[in-house]
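Dear colleague,

I am handing over the structure below, and after it you will find an account of what was computed from its atoms. Please read the account with the structure open beside it.

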Amino acid sequence: MAYNILFDNNDAQEIVNDTLHRAWEAIPPKRPEFLGAYLSKITRNLSLKRWRAASAKKRGGSQTDLMLSELGDTIPQAQSVDSEFDYNQTVQAINDCLRGMDASNRVVFVRRYFFGDSVQDLCRQFKSSESKIKSILFRARQKLKLHLEREGVVI
């Protein structure tokens with residue numbers, strides 16, 4: 001996941017080390033229910049933080065730029081979330097929408113927007129054409145946007 005976001009082996013290895021270190025420090029008082037999901041979230045957050053710092057120095061058309069821009073019109077930006085309550089409502093609405101998706105479409109969506117897989121990687125993983133994967137992602141984003149609007153999430 002770190003490599004999918006950063007496209008640099010050294011940075012990705014460093015993120016993995018930082019993830020394990022953070023988990024080591026946090027787990028004794030707070031034991032996660034799902035260790036894999038817990039580690040994935042730490043890895044993703046650290047990777048995005050590193051990517052933002054690097055992209056602030058040099059603007060480039062990376063896979064991460066593309067992935068985040070695809071979701072830009074669907075999910076509200078962090079600064080628009082006024083409180084913890086609103087944030088939790090948004091997370092709950094996203095999870096509800098994902099639960100309502102067909103399982104294979106949900107996996108494609110999560111692999112793309114959480115794990116940062118490229119469209120080409122998804123084509124190989126699911127043995128599908130690029131147009132089919134792009135169509136699945138487009139429809140999933142539209143479905144998510146409509147669901148969030150119905151739930152009253154300001155986009």
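Helix 2 (residues 9-26) has 18 residues and spans 26 Å from its first C-alpha to its last, close to the 26 Å expected at 1.5 Å a residue, where the expected span is 1.5 Å times one less than the number of residues. Helices here are DSSP runs of H or I with at least four residues, and strands are runs of E with at least two, both numbered from the N terminus. The model is a predicted one, in which local features need pLDDT of at least 70 and side-chain atom pairs count only at pLDDT 80 or more, while totals for chains, interfaces and linings use all residues. Residues are numbered from 1 along each chain as its sequence is written, and side-chain values use heavy atoms, with hydrogens and water left out.

The buried residues of helix 2 are Ala12, Ile15, Thr19 and Ala23, buried meaning under 20% relative accessible area, exposed over 50% and partly exposed in between (1.4 Å probe, protein chains only). These four cover an arc of only 70° around the axis, which puts them on the same side of helix 2; the arc is that of the directions from the helix axis to the C-beta atoms. The face turned away from that buried side carries the exposed residues Asn10, Gln13, Trp24 and Glu25. At the N-terminal end, helix 2 is capped by aspartate 8, a side-chain oxygen of which lies 3.0 Å from the backbone nitrogen of asparagine 10.

The structure holds 7 salt bridges, each being a side-chain nitrogen of Lys or Arg within 4 Å of a carboxyl oxygen of Asp or Glu. In one of them the side chains of arginine 50 and aspartate 11 meet at 3.2 Å, N to O; arginine 50 lies in helix 3 and aspartate 11 in helix 2, so the pair ties together parts that are 39 residues apart in sequence. Arginine 50 also meets aspartate 18 in a salt bridge of 4.0 Å, N to O, and since aspartate 18 lies in helix 2, this pair ties together parts that are 32 residues apart in sequence. Asp11, Glu14, Asp18 and Arg50 are linked in a network of salt bridges. Arginine 50 is partly exposed at 22% relative accessible area, as is aspartate 11 at 26% and aspartate 18 at 29%.

Isoleucine 42 lies in helix 3 (residues 35-57) and is buried, with a relative accessible area of 14%. Leaving aside neighbours within four places in sequence, isoleucine 42 is in contact with Thr19, Arg22 and Ala23, contact meaning heavy atoms within 4.5 Å.

**Elsewhere in the chain**

Asparagine 4, in helix 1 (residues 2-6), is buried with a relative accessible area of 16%. Its side chain makes a polar contact of 2.8 Å with the side chain of aspartate 117 (a pair of N or O atoms within 3.5 Å; within protein, one must be able to donate a hydrogen and the other to accept it, and residues adjacent in sequence count only if both atoms are side-chain atoms).

For the chain as a whole, the secondary structure comes to 8 helices and 0 strands, and buried residues make up 33% of the 155 residues.

With kind regards
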